[in-house]
Amino acid sequence: MSRPALPTLRPGLLALILVLTAALGWLASYVAAERGWVTPVLGLTSVITIAAVVVMLLVLGVRVRRDRSRPVAARMNPLVAAQTVVLAQAGAYAAAVMMGWHVGVVVHRVPLTGWGSVGEAVTMIATGLALLVVGCVVEQWCRIADDGDGEGGSGTGPVTGPDGIPQVGRHRA
């Protein structure tokens, strides 16, 4: 029985998420300004938290990337690589939401108050961009290239390891 492979990040979906949340961020900033509320942006503690996630994701990604050069019998459990892929994808999608929201806030606030009032939002956009890039890079690091070892036969389903677990990002030709 073949199991489906993990889906990959879709740039079009990431862009759509970014655009939709930018519209929501603009709307929230507009409503907040009209009612005299504080502009809805994440603060410095969020930057620190996202930076920690970026570092953790990089460490996990480097670990999987280094594991690819080891002999097949000595490699880590494929589920660890799959978990790293899922974390990278979740980070990329979360970054798209966070960046979109803050882009919307910046688009609303800059014409009204200038660049001086959007420092936190711009910092969150930069942090989100770092998370998005690292998420995409780590997802690519976790793909397993075809070894050409002849195992697995023919077909179009995912290639499974000796324990029957699907290999992440690897498909039969």
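## Burial and overall layout

Of the 173 residues in the chain, 35% are buried (under 20% relative accessible area, with exposed meaning over 50% and partly exposed in between, using a 1.4 Å probe and protein chains only). This is a predicted model, where local features need pLDDT of at least 70 and side-chain atom pairs count only at pLDDT 80 or more, while totals for chains, interfaces and linings use all residues. Residues are numbered from 1 along each chain as its sequence is written, and side-chain values use heavy atoms, with hydrogens and water left out.

The chain has four helices and two strands, in the order α-α-α-α-β-β along the sequence. Both kinds of element are DSSP runs numbered from the N terminus: helices are H or I with at least four residues, strands E with at least two. Take the contacts (heavy atoms within 4.5 Å) with a separation of 6 or more: 73% of them join residues 24 or more positions apart.

## Helix 2 against helix 3

Helix 2 (residues 44-67) packs on helix 3 (residues 78-113) at about 150°, with the axes 10 Å apart. Axes here are lines fitted to C-alpha atoms over the stretch in contact, and angles run from 0 to 180 degrees between N-to-C directions. The two helices are therefore roughly antiparallel (over 145 degrees; under 35 is roughly parallel, 65 to 115 roughly perpendicular and the rest oblique).

On the helix 2 side, the contact uses Ile-50, Met-56, Leu-57, Leu-60, Gly-61, Arg-63 and Val-64, and helix 3 brings Val-80, Ala-81, Thr-84, Leu-87, Ala-88 and Met-98. By type, that's 10 nonpolar, two polar and one charged; Ala, Val, Leu, Ile, Met, Phe, Trp, Tyr, Cys and Pro count as nonpolar, Asp, Glu, Lys and Arg as charged, and the others, Gly among them, as polar.

## Gly-135 in helix 4

Gly-135 sits in helix 4 (residues 119-141) and, at 0% relative accessibility, counts as buried. Setting aside neighbours within four places in sequence, Gly-135 touches Leu-9, Leu-57 and Ala-88. Leu-57 and Ala-88 also turn up in the contact of helix 2 with helix 3. Val-85 is 50 residues from Gly-135 in sequence, with 8.4 Å between their C-alpha atoms.

## One aromatic pair

Searching the whole structure turns up one aromatic pair. Trp-26 and Tyr-30 have ring centres 5.4 Å apart and planes at 10°, so they're stacked (centres within 6.5 Å, using the six-membered ring of Trp; planes under 30 degrees apart are stacked, over 60 edge-to-face and the rest tilted). Trp-26 and Tyr-30 are four residues apart in helix 1 (residues 11-35), about one helical turn. Trp-26 is partly exposed at 36% relative accessible area, and Tyr-30 is partly exposed at 36%.
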